[in-house]
Amino acid sequence: MTGKDIVRLENVWVSYNGTPALEGINLMVGEHDFLGIIGPNGGGKSTLLKVILGLLAPQRGTVTVLGNPPDRSRSRIGYVPQHSNYDHDFPVSVMGVVTMGRYGKRGILKPYGKSDREAAEKALARVGMLSHAGTQIGQLSGGQQQRTFIARALVSDPALLLLDEPTASVDSAMQTDFYELLEDLKQEMAIIMVSHDIGAVSVFVDKIACLNVQLYYHGSREITPEILEATYKCPVQLIAHGDIPHRVLREH
Amino acid sequence: MIMFEAFQFEFMRNAMMAGLLGSVACGIVGVYVVVKKIVSMSGSIAHASFGGIGLGYLLNFSPVLGAMFFSLLSALTMGLVTRKTKLPEDTATGILWALGMALGVIFIGLSAGYAPDLMSYLFGNILTVPVSDLYLMAALDLIIVALAVAFYKEFLLLSFDEEFGTVVGMPVNGLYLLLLCMVALTVVVLIRVVGMILVIAMLTFPAAMARQFTHDIKKMMVLAVVFGMLFTFGGLWISYMLNLASGATIILLSGVVLLLTYVAVGLRKRTKVRFTR
């Protein structure tokens, strides 16, 4: 442990009822890393997030987050779940949602206090949502809801931010704003983002890993066609990064 | 004549008190039942309590205490089965619902076939609530309110986003069991008011109606308690005037008002949309 590793997975194996979900995963994420993990649905992306969060114990291998087992580091992990996981009509305000992120700091039976409210306001200001603090969560646009959930993750002052399919609910016009926000957050924390949207991820992240039960990780955002093919089991379009982002189509 | 008035005053006072106590429990717990979407599960807990009513008749103790024992037992069973096994939630709901009722029928059949005021447990009779039950209802209300205040932030997170609750280290399964037990206690509070068969309506209607008027869960609880009282007192008055069964009248009144609110809110939204376009 160098003291710089935020997340370290060594030879992690997970299977559900004998069907492998993750096979021999090795992964290291350092401070200020912005890692994008792409792969097909059912490729184990959510499973990998659960392992990092300590919600799922691997059958083999070791997981450390901030030098500890993940469940002991949970208060330093900010988690932004998939958009679809909650009831949009739920009677709670933006402020109420963000304050929930302070639960780990408070613990059971202790009510939220002034410091929690101040932290929530700070996090909302950070994502540019303070003026919506009193709005019911479901009345926001997809992009605004996204920001609210990022604020909920930020309010606990995390060293690691985990985002599960964050672009699914954000229209493409808002996506640039969203990535600029992440770019800014990267100065203070490591970010792992999981997505099936290859195009969006590859423009903004520093490193890309491809996950389909096995992890193809090269520590940079150069992905070769071979890696993508191995991940998706079919020919895939490649996006090249240059002054003008453009797509390179393989011969087929 | 003076005696009659006093008597009338007393039973009406008891009925009002029962309505008040019932409204507090169903207003607070009903909000969680509605936002956490455990309506049918709560219906199952309520119906399974019939087994306890039957057991009370059979073994000659208070059927209300029997109902409390059975509804708590079914709440815990339901919670554990849905969290720890792969049995789907609605299957567990159906099984417990039917088992509890079947047990009740068997127990009552075994108890020499005579069950005085069985109908009042099934369909409620707010006018005959004994004072001893009022004390029990008040005690249960106190427990429910204390738990709702103490675990406010936990139940809010549990209802809104359980997965996130787990991630931030909240004991979600334990809290879920506790919430189901609070539903079970509410069933007991409401049995005398509207009866175990109609309890589910009082757990749902006031909260569902309150939801139309606010986006704040605390205000929603206060409103649900107020609506519960209005429905209970209004239904009680109508049933008295028209000589109808009190429990069913309370439910019908709440149902009609709730539907009218939905229609009114729907119409208002449509007009708004038309104008903004």
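Me: In β4(A), which residue is the bridge partner of A:Glu10?
Reply: In this predicted model, A:Glu10 is bridged to A:Thr62 of β4(A).

Me: How many bridges join β1(A) to β4, and do they run parallel or antiparallel?
Reply: There are five bridges between β1(A) and strand β4, residues 60–65 of chain A, and the two run antiparallel.

Me: And how many bridges does β1 of chain A have with β2?
Reply: Strand β1 (residues 5–16) and strand β2 (residues 19–30) of chain A are paired over eight bridges, in the antiparallel sense. Within β2(A), A:Leu27 stands opposite A:Leu9.

Me: What about the hairpin of β1(A) and β2(A), how many residues are between the strands?
Reply: Two residues lie between the strands of that hairpin, and A:Asn17 takes a positive phi near 45° there.

Me: Changing topic: in what order do the six strands of the open sheet in chain A come?
Reply: The order is β5-β6-β7-β3-β8-β9, with mixed pairing. Strands β5 (77–80) and β9 (214–217) of chain A stand at the edges; each has a single partner strand, so one side of each has no neighbour in the sheet. From one strand to the next, the twist averages 20°.

Me: Which helix packs on that sheet?
Reply: Helix α6 of chain A, residues 142–154, packs on the sheet and touches β5 and β6 (160–164). The direction of α6 makes about 160° with that of β5(A).

Me: How do β3 and β8 of chain A run, parallel or antiparallel?
Reply: Strand β3 (residues 34–38) and strand β8 (residues 207–212) of chain A run parallel and are joined by four bridges. In β8(A), A:Lys207 is the bridge partner of A:Leu35.

Me: Where does A:Gly43 lie?
Reply: A:Gly43 is in the loop between β3 and α1 (45–53) of chain A.

Me: Is A:Gly43 buried or exposed?
Reply: A:Gly43 is buried, because 24 other C-beta atoms lie within 10 Å and the cut-off for burial is 20 or more.

Me: Which residues is A:Gly43 in contact with, leaving aside neighbours within four places in sequence?
Reply: The contacts of A:Gly43 are then A:Leu211, A:Asn212 and A:Val213.

Me: Last topic: how many residues of chain A are in contact with chain B?
Reply: 19 residues of chain A are in contact with 21 residues of chain B. On the chain A side, 14 are nonpolar, four are polar and one is charged.

Note on methods. Residues numbered from 1 in each chain as written. Chains lettered and ligands numbered in written order. Predicted model: local features only at pLDDT ≥ 70, side-chain atom pairs only at ≥ 80, totals over all residues. Contact = placed C-beta atoms within 7 Å. Nonpolar A, V, L, I, M, F, W, Y, C, P; charged D, E, K, R; others polar. Pairing = 2+ DSSP bridges. Axes fitted to C-alpha atoms, helices over the stretch in contact; angles between N-to-C directions. Buried ≥ 20, exposed ≤ 12 C-beta atoms within 10 Å, placed from the backbone.
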